[in-house]
Amino acid sequence: SNTTTVLWYKNGISFPTAANVTTSLGALEGNTALLISRLVRRGDGGVYTVVVRNSYSVIPLDMRTINKTFELKVKVPPATPSNVNISSINSSHVAITWSLYPLTPDENADSFTLELTPLNGDLASMRRVLQGGSRLAALQVAAGTNYTLRLTAVNVDGTVPTAPVLFSAPPEAPSIFSAAIYRLNLTTFCLI
């Protein structure tokens, strides 16, 4: 009789089936042993082995079992920053806030990079890296200048930028009127 069995192992331990994993346990599908995993996480990485056994009596014993081993490295880049909000603090500073909604803990960001580029060529671009989970930054800007802001989430597995955000820095605040009054004589004053 001919019976083919398929066994899967992860890091040397029998691999269980789960809601997000489909395997060809017990038999081949065509001539292929399948392992399909959905919603992969970093913890799903490891050394996988598939063992295929054929009990067909005509095949010599040493050829009835085939082992194939491979290493799976799972990379999960961070979630895309969203709800980017730019508000003015004064004519030379803006506050930038954003949100990050990771579907899994693996999608958290380790840091964020802010790139601020003025649309006129007279001013230099600025780049700032914020470590940790900060969701707020204050940046110095030139009054009345138009800018492009790009925010990028970074983790060990990759980077994910937002679409560019265009904004205008507030105009310079008018200076406070100052004057001096001089008395020219008993009835005449001069305002300077």
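The model is predicted: local features require pLDDT of at least 70 and side-chain atom pairs count only at pLDDT 80 or more, whereas totals for chains, interfaces and linings use all residues. Residues are numbered from 1 along each chain as its sequence is written, and side-chain values use heavy atoms, with hydrogens and water left out.

An open sheet is formed by four strands in the order β2-β1-β5-β6, with antiparallel pairing. Strands here are DSSP runs of E of at least two residues, numbered from the N terminus, and two strands pair if DSSP finds at least two bridges between them. At the edges lie β2 (13–14) and β6 (65–72), each of which pairs on one side only. Strand β5 (residues 46–54) runs antiparallel to β6 and is joined to β6 by eight bridges; G46 stands opposite L72 in β6.

A nonpolar core is a set of buried Ala, Val, Leu, Ile, Met, Phe, Trp, Tyr and Cys residues joined through side-chain atoms within 4.5 Å; buried means under 20% relative accessible area (1.4 Å probe, protein chains only). The largest such core has 19 residues, of which I96, W98, F112, L114, L116, V141 and F167 touch the most other members. Two or more residues each come from β8 (93–99), β9 (111–118), β11 (136–140) and β12 (146–155), and β12 gives the largest share, four residues. Another core, of six residues, lies apart from it and includes W8, F15, Y48 and V52.

E107 lies in the loop between β8 and β9. E107 counts as buried because its relative accessibility is 18%. Leaving aside residues up to four places away in sequence, E107 touches V76, P77, P78, A79, L100 and P102, where contact means heavy atoms within 4.5 Å.

Key
Buried means under 20% relative accessible area, exposed over 50%, partly exposed in between (1.4 Å probe, protein chains only).
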